[in-house]
Amino acid sequence: MVGVLEVRHLTMVYPGRARGREKEGHRALSDVSFEARAGEVFGILGPNGAGKTTLMKILANLIIPTSGEVLIAGRRLHPRAQARWVGLSTGEDRSFYYRLSGWQNLEFFGSLRSLGRARLRQRIEWCLEAVGLEGASHVKFMKYSTGMRKRLNIARALLHDPPILLLDEPTASLDPVSARRVRDLIRDLKGQGKTILMATHNLAEAESACDRVGILSSGRLLAVGTPQGLRAMAAGRSVWLRPAERLDALAEAELLALPGVRQVRRWDSQVILDTGEVRATLDGLVRWAAQGHSLCDIRVVEPALEDVFLRLVAEAASEPAGPSHPAGQKGVRA
Ligand SMILES: Nc1ncnc2c1ncn2[C@@H]1O[C@H](COP(=O)(O)OP(=O)(O)OP(=O)(O)O)[C@@H](O)[C@H]1O
Ligand SMILES: [Mg+2]
């Protein structure tokens with residue numbers, strides 16, 4: 001697949017000032033490189049202050065990076081051309097006019113994009129319907145709920161029909177129904193072939209909605225991969241079993257001696273075998289049970305994206321600051 005959006009060695013240092021004198025700036029992004037492909041949902045997953053919004057703003061040309069470059073369809077574009085390719089939906093709603101209706105707001109922002117009258121009307125209708133606001137198009141923005149404001153924000157990003165959509169925390173502070181609606185919309189837009197970059201700190205959302213995810217922490221891109229691929233980077237899988245009777249120390253020692261088992265833990269009435277070789281452990285467990293140990297339940301538990309996320313972020317926090325080389329990243333040209 002084609003790399004529609006390519007980010008190369010982006011670094012952003014916000015200038016700092018102390019009592020009128022220059023002081024060392026704040027490094028929000030450090031040597032970030034990745035590419036997003038046509039028709040993919042690429043998640044930027046990171047804790048507060050990781051640099052997600054900074055990255056989005058650079059991609060939308062709202063701020064100029066200290067160094068590095070952004071390529072769209074393989075080329076560095078003039079800001080005007082880049083604006084046609086990209087639509088940004090931010091989490092904030094202060095940029096809307098509170099006394100204007102949803103329709104009037106879109107009319108205003110659409111006119112800034114030089115869309116002709118007829119085309120603009122057609123696009124506003126389409127966008128309001130896409131985000132489910134067609135019934136509230138003449139309601140003043142100040143009367144919109146948080147979810148409606150967020151959806152209007154996405155509608156505004158879609159007005160000029162950009163091939164690349166940048167969504168900064170599109171479901172943050174939404175109730176489950178509104179969040180589901182936005183996720184369905186993201187799926188539809190992906191189906192239309194749009195490339196979607198979505199910043200989030202919702203791990204479940206990243207796992208279910210994104211084709212690939214980049215983990216960003218303190219401005220460094222720590223890993224890039226499919227949610228499944230990233231999960232595989234976690235320490236390994238575990239086998240959970242529920243014995244019919246409480247195990248004695250000897251039985252526990254036998255479990256620890258099974259092939260692949262690294263550790264035996266207890267959780268409530270269950271016993272957890274942390275293993276690097278699930279099949280060998282299961283084979284051993286079947287033999288062990290046949291020696292007279294009765295089991296009520298056996299389950300193989302996959303590591304969650306959360307395990308990888310927490311591990312990488314904790315590791316990065318204990319390393320000295322500086323550029324990083326993301327694990328699991330493919331297809332990035334230096
Ligand atoms: N205009 C600015 N001037 C100076 N520092 C800034 C500016 N904007 C952001 N920062 C700093 O840059 C870092 C990254 O901020 P950014 O808003 O990009 O993070 P984020 O991942 O979007 O966080 P959140 O999850 O809270 O939205 C933070 O430490 C922030 O304080
Ligand atoms: Mg942010």
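Author: What follows is a short exchange on labels and the values behind them.

Author: This is a predicted model, so local features need pLDDT of at least 70, side-chain atom pairs count only at pLDDT 80 or more, and totals for chains, interfaces and linings use all residues. Residues are numbered from 1 along each chain as its sequence is written, and chains are lettered from A and ligands numbered from 1 in the order in which they are written.

Reader: What makes strand S7 largely enclosed by the rest of the structure?

Author: Strands are DSSP E runs of at least two residues, helices are H or I runs of at least four, and both are numbered from the N terminus. A residue is buried if 20 or more other C-beta atoms, placed from the backbone, lie within 10 Å of its own; 12 or fewer make it exposed, and in between it is partly exposed. Six of the six residues of S7 (195-200) are buried, so the strand is largely enclosed.

Reader: Which residues cover each face of S7?

Author: Thr195, Leu197 and Ala199 lie on one side, with Ile196, Met198 and Thr200 on the other, and all are buried.

Reader: How do you know that S3 and S7 pair?

Author: Pairing requires that DSSP finds at least two bridges between two strands. S3 (41-45) and S7 have five, in the parallel sense.

Reader: Why is the S6 to S7 crossover called right-handed?

Author: The chain goes from S6 through helix H6 (176-191) to S7, a right-handed β-α-β crossover. The term applies because the path from the first strand over the helix to the second runs clockwise, with the strands pointing away from the viewer.

Reader: What makes S11 and S13 edge strands?

Author: Four strands form an open antiparallel sheet, ordered S11-S12-S10-S13. S11 (261-267) and S13 (295-301) each have a single partner strand, so one side of each lacks a neighbour in the sheet. S11 is joined to S12 (270-275) by six antiparallel bridges. Tryptophan 267 faces glutamine 270 there.

Reader: How are the residues around ligand 1 classed?

Author: Ala, Val, Leu, Ile, Met, Phe, Trp, Tyr, Cys and Pro count as nonpolar, Asp, Glu, Lys and Arg as charged, and the others, Gly among them, as polar. The shell has three nonpolar, eight polar and one charged residues. Its members include Tyr14, His26, Lys52 and His201.

Terms used: A residue is near a molecule or strand if its C-beta atom, placed from the backbone, lies within 6 Å of it.
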